[in-house]
Amino acid sequence: MTRTRRLLVLGALYFAQGLPFGFFVQALPVVLRERGVSLSLIGLSSLLAMPWALKPLVAPLVDRARTRRAWIVPLQITSALLLALAALASPEASLPALFAIVALTNLAAAAQDIATDALAVDLLPADERGLGNGLQVAGYRVGMIAGGGVVLGAMAHIGWAPAMLALGATLAVATIPLLITHEPARTPAPPRPTITALREAASRPGALRWLRVLVLFKAGEALATAMARPMLVDRGLDAGDLAALLGGTGFAAGLAGALIGGALVPRLGRRRALAIFGALQIVGIAMWLVPATGVRSLVTLHVVVAIEHVFAGMATAALFTAMMDACRPAHAATDYALQASVVVLATGVASALGGVSAEHLGYVGHFVLAIVLAVIGLADVVRVPVARSPSFA
C-alpha cells in the first residue's frame, strides 16, 4: 500500500469518527434546547457517551481479528444506518428513541475508533507516524465540524430528517477508501480474558511510568481550556464572537498545529518533540492569562486563541505518535485503547475540576495552576524514557 493510499484511508476513517461525535457534542445539545428540553436532561444526555469510556474492555476482542476492516466496515455502516434512522426519531417525535439511537451510535463509533487506531499502528511505518497522527487530529476535527456546525446549518435550511439522512450518507461514503484498499492480513492475538490482556499491557517494563506521563502531559491544558469559554463570556463576548474566535480561528489553528507537529516529529525524534511541543503547550496555556487579566480586544484574543490552539495541536500530534510507538503489533488495539483511555480520563477529571479551580482561585489563579500542572507534566516527559519499542526500552 502506498503512502498516499495509507494516509487517504486513515484520513477518511478519522473524519468518519468525528462526524457522529461532532453531532452528539455540538449539534444535539443545541437542537434539544431549541425544542425546549430542560438543561438538566441535556446535561444528563452526556452519559450517552459512556461507551467511549469502555473501549479497553472491547479492544482485546478487536485484536483477535485477522484484519481490522472486519470490525471497521460493519461498525461504520451500522453507525451510518443509525444516523439515518435518527431521521425518523426527531426530538419532537420520540426523545427516548432518539437517545437510544445516539447511545447505540456511540457504542458503534467507539468500537470503530479502537479498530481504526489499531489499523493506523499496523499501516504506518515509524517515519510516517508523526504525519499520520497530524492527519488523525486534523481529520477528526474536520469531521466534528461537519457533524456539528455544518449539520446545524443544514437543519436550519432543510430540516431535521434530510440533514440526518445526509449525515448518515456522508459517514457511509467515508468507508469507501478502506473498502477499495487491500489490507494485509495480520497474525491475530490469541484469545484470552480481557482483564488478562489489559494486565499484560500495563505490566510491561516501564509501562506504568509511561502511563503516568499520559496522565500529566495534557492535564494542564485540559484544566485551562475547560474555563476558556466561560471566561470569554464573562469578558463580554457574545455567541457570534465566540463562533469566530473558537470555531474559526481556533479550528484553523488547531488543524495547522496538528499537521505542523506531525510533520516535525520524525525530524525531531519522539522525546525531543514531546519536550519542545510540551514547552510550547505551556506557552499556549499562559496566553490565556491575557484575557484573564481583563484584555477584551478581539484582535488580541484572536492572536491568543491562534497561538494556544497551534501549540496544543502540535503537542497532541507528538503524544499520539509516541502512543503508537508503545503498541505491540499483535495487541495494538488493546495497547492503544488503554493509553487513550488514560488520557481521556485524566483530561476529563482535569476539565471537571476546572470550575472549582476558577471559582476559588479566580481566572488568573486558575490559569497559573494550569501552567504549574503542565510544567509538572513536561518535567515527567524529560525524566521518563519515551517508548521506542513495544517494551519501552
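Student: Why is Asp 380 called buried?
Tutor: In this predicted model, Asp 380 has a relative accessible area of 1%. The cut-off for buried is under 20%, so Asp 380 at 1% counts as buried.

Student: What makes the contact between Arg 212 and Asp 380 a salt bridge?
Tutor: The side chains of Arg 212 and Asp 380 meet at 2.9 Å, N to O. A salt bridge needs an Arg or Lys side-chain nitrogen within 4 Å of a carboxyl oxygen, so the contact at 2.9 Å qualifies. The pair links distant parts of the chain: Arg 212 belongs to helix H10 (residues 207-217) and Asp 380 to helix H17, 168 residues apart.

Student: Is Arg 212 buried, exposed or partly exposed, and how do you know?
Tutor: Arg 212 has a relative accessible area of 38%.

Student: What makes Trp 288 and Phe 367 a stacked aromatic pair?
Tutor: By the rule for ring pairs there are 5 aromatic pairs. In the pair of Trp 288 and Phe 367, the ring centres are 6.4 Å apart and the planes are at 20°. Trp 288 sits in the loop between helix H14 (270-287) and helix H15 (289-292), while Phe 367 is in helix H17, 79 residues apart.

Student: Are Trp 288 and Phe 367 buried or exposed, and how do you know?
Tutor: Trp 288 has 1% relative accessibility and Phe 367 has 0%. The limit for buried is under 20%, so Trp 288 and Phe 367 are buried.

Student: Which residues do ring pairs link into a cluster?
Tutor: The cluster consists of Phe 21, Phe 24, Trp 52 and Tyr 140.

Student: Why does the contact of Arg 69 and Glu 183 count as a salt bridge?
Tutor: The N to O distance between the side chains of Arg 69 and Glu 183 is 3.9 Å. The limit is within 4 Å, so the contact counts. Arg 69 lies in helix H4 (residues 69-85) and Glu 183 in the loop between helix H8 (176-179) and helix H9 (194-202), so the bridge ties together parts 114 residues apart in sequence. Arg 69 is partly exposed at 22% relative accessible area, whereas Glu 183 is buried at 7% relative accessibility.

Student: How many salt bridges does the structure hold?
Tutor: The structure holds 13 salt bridges. One of them joins Arg 328 to Asp 335, with the closest N and O atoms 2.8 Å apart, and both of these residues are buried. A network of salt bridges links Asp 63, Arg 68, Asp 122 and Arg 186.

Student: Why is Leu 47 called exposed?
Tutor: Leu 47 has a relative accessible area of 52%. Exposed means over 50%, so Leu 47 at 52% is exposed. Leu 47 lies in the loop between helix H2 (39-44) and helix H3 (55-62). Together with Leu 41, Leu 44 and Met 50, Leu 47 forms a nonpolar surface patch with about 370 Å² of accessible area.

Definitions and conventions. Residues numbered from 1 in each chain as written. Predicted model: local features only at pLDDT ≥ 70, side-chain atom pairs only at ≥ 80, totals over all residues. Heavy atoms only, no water. Patch = residues over 30% accessible without salt bridge, like charges linked within 9 Å, V, L, I, M, F, W, Y side chains within 5 Å. Areas by Shrake-Rupley, 256 points an atom, 1.4 Å probe, with all protein chains shown as cover. Helix = DSSP H or I, 4+ residues; strand = E, 2+ residues; numbered from the N terminus. Buried < 20%, exposed > 50% of the residue type's maximum accessible area, 1.4 Å probe, protein only. Phe/Tyr/Trp six-rings, centres within 6.5 Å; stacked < 30°, edge-to-face > 60°.
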